[in-house]
Amino acid sequence: MYLKVQYSIILCMKIAAKRRKTTTVEIGHVKMGQNHPIVIQSMTNTPTADVEATIKQIKELEDAGSELVRITVNDFEAMAAVPEIVNRLRADGYVAPIIGDFHYNGHILLHKFPEAAQALDKYRINPGNVGKKNKRNENFALMIEAAIKYDKPIRIGVNGGSLDEDLLTQLMDENATLKQPKDAKEVFYEAMVQSAINSADSAIKLGMTKEKIVLSVKMSDVQDMINVYSLLAQRCDYVLHLGLTEAGADIKGISASSAALSVLLQQG
């Protein structure tokens, strides 16, 4: 399955139009951005605390062509396992940067496990699940503080299934007062884009540089994904991570991801 996805993306790369202008972001030894080749990232589906199974799958992914690998870091056990996983991979000659995917408790894990925070090559932060109300900004700031301390890039990964409800409600309410309200889906797209850009702006105000930030706005429908990424690309020059969330397994996932990526890569 991984090889089929890889070949589909490489084909898209060959037909891609002129690339949009972006900064360059370095994740370990891998560079992303306008002046560098498009790179492929995959994700493990093992419990990260299961060190043996996670190492095995990361090796399989890198052997299949994955240049970056994301792992779930969802609890103390998973975070505690990170240094051993990374150290053993490097000892065995595997070089793909390892990205930690944080949900809800990343602000705690990054500060409680400094060795793991240092071992990871990038942090993925979802603005929709870093906290509620006043805690949202506080928890987000703690994660950015860790990224700055350990000199790590981040991906601000907005997800259609966990979009910031307060922002969406605000935009829906504002839209309802217009003489000619927009379609609800247009407002949803706008909320996705604003969540990503506003979070990136907040990270910069906290001390990060644009060269440390990657954005994504994943949705589960192919046409929705194309529309929201096209909108985001017009509104910023951040490096983008393209992906279809909850694409499904086997041929369904391969077909849906390839269809969406083909259009977006062709757009540059």
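**Figure 1. Right-handed crossing of helices H7 and H8.** In this predicted model, helix H7 crosses helix H8 in a right-handed manner (left-handed if the near helix is turned anticlockwise from the far one by less than a right angle, right-handed if clockwise). The axes of H7 (residues 165-176) and H8 (residues 184-205) come within 9 Å and cross at roughly 135°; axes are lines fitted to C-alpha atoms, for helices over the stretch in contact, with angles from 0 to 180 degrees between N-to-C directions. H7 is therefore oblique to H8 (under 35 degrees counts as roughly parallel, over 145 as roughly antiparallel, 65 to 115 as roughly perpendicular and the rest as oblique). Helices (H or I, at least four residues) and strands (E, at least two) are DSSP runs, numbered from the N terminus. Residues are numbered from 1 along each chain as its sequence is written, and side-chain values use heavy atoms, without hydrogens and water. Because the model is predicted, local features need pLDDT of at least 70 and side-chain atom pairs count only at pLDDT 80 or more, whereas totals for chains, interfaces and linings use all residues.

**Figure 2. The aromatic pair of Phe 76 and Phe 113.** The structure holds two aromatic pairs (rings of Phe, Tyr and Trp, the last by its six-membered ring, with centres within 6.5 Å; planes under 30 degrees apart are stacked, over 60 edge-to-face and the rest tilted). Phe 76 and Phe 113 form an edge-to-face pair, 5.6 Å centre to centre with 65° between the planes. Phe 76 belongs to helix H3 (76-91) and Phe 113 to the loop between helices H4 (106-112) and H5 (114-119), so the pair ties together parts 37 residues apart in sequence. Phe 76 is partly exposed at 38% relative accessibility, while Phe 113 is buried at 17% (buried is under 20% relative accessible area, exposed over 50%, partly exposed in between; 1.4 Å probe, protein chains only).

**Figure 3. The aromatic pair of Phe 102 and Tyr 123.** These rings are also edge-to-face, 5.8 Å centre to centre and with 90° between the planes. Phe 102 lies in strand S5 (98-102) and Tyr 123 in strand S6 (122-125), so parts 21 residues apart in sequence are tied together. Phe 102 and Tyr 123 are both buried.

Figure 4. S1 and S2 (residues 30-33) run antiparallel and are joined by four bridges (pairing requires at least two DSSP bridges). Thr 24 has Gly 33 of S2 as its bridge partner. Two residues separate the strands, and Gly 28 in the turn has a positive phi of about 60°. In S1 (residues 24-27), Val 25 and Ile 27 make up the covered face, Thr 24 and Glu 26 the uncovered one.
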